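Work through the exercises below with the coordinates open. Each task is followed by a stepwise solution.

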Amino acid sequence: MRERQILNLVCAGRNNAANARTLNLSRNHDAAIHRKIGVRKGSGAVVWGRGNGFSMQVSGAK
């Protein structure tokens, strides 16, 4: 669930620091998600997320 929230924010164009503040997380969560989905950078996560049905709008955040 939390990983989906992070990917939604990334796909909406939010950066790692803003995601960490919004969801009260460490910035390491983004790196863990990148490893899980097999990408090296945030731009790769955006491409992967949009290709797998993640929204381009911020939703599901606190």
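**Exercise 1.** Which residues of helix H4 (residues 42–51) are buried?

Solution. The model is predicted, so local features need pLDDT of at least 70 and side-chain atom pairs pLDDT 80 or more, while totals for chains, interfaces and linings use all residues. Residues are numbered from 1 along each chain, and side-chain values use heavy atoms, without hydrogens and water.

Step 1. Helices are DSSP runs (H or I, at least four residues), numbered from the N terminus. Buried means under 20% relative accessible area, exposed over 50%, partly exposed in between (1.4 Å probe, protein chains only).
Step 2. Ala45, Val46 and Gly49 are the buried residues of H4.
Step 3. Viewed down the axis of H4, these residues fall within an arc of 100° (directions from the helix axis to the C-beta atoms), so they line one face of the helix.
Step 4. The face turned away from the buried side carries the exposed residues Ser43, Val47 and Gly51.
Step 5. The buried residues of H4 pack against H1 and H3 (contact: heavy atoms within 4.5 Å).

**Exercise 2.** Describe the aromatic pair formed by Trp48 and Phe54.

Solution. Step 1. Rings of Phe, Tyr and Trp (its six-membered ring) pair if their centres lie within 6.5 Å; planes under 30 degrees apart count as stacked, over 60 as edge-to-face and the rest as tilted.
Step 2. The count by this rule is one aromatic pair.
Step 3. Trp48 and Phe54 are 6.2 Å apart centre to centre, with 35° between the planes, a tilted pair.
Step 4. Trp48 has 30% relative accessibility and counts as partly exposed, whereas Phe54, at 11%, counts as buried.

Conventions. Helices (H or I, at least four residues) and strands (E, at least two) are DSSP runs, numbered from the N terminus.
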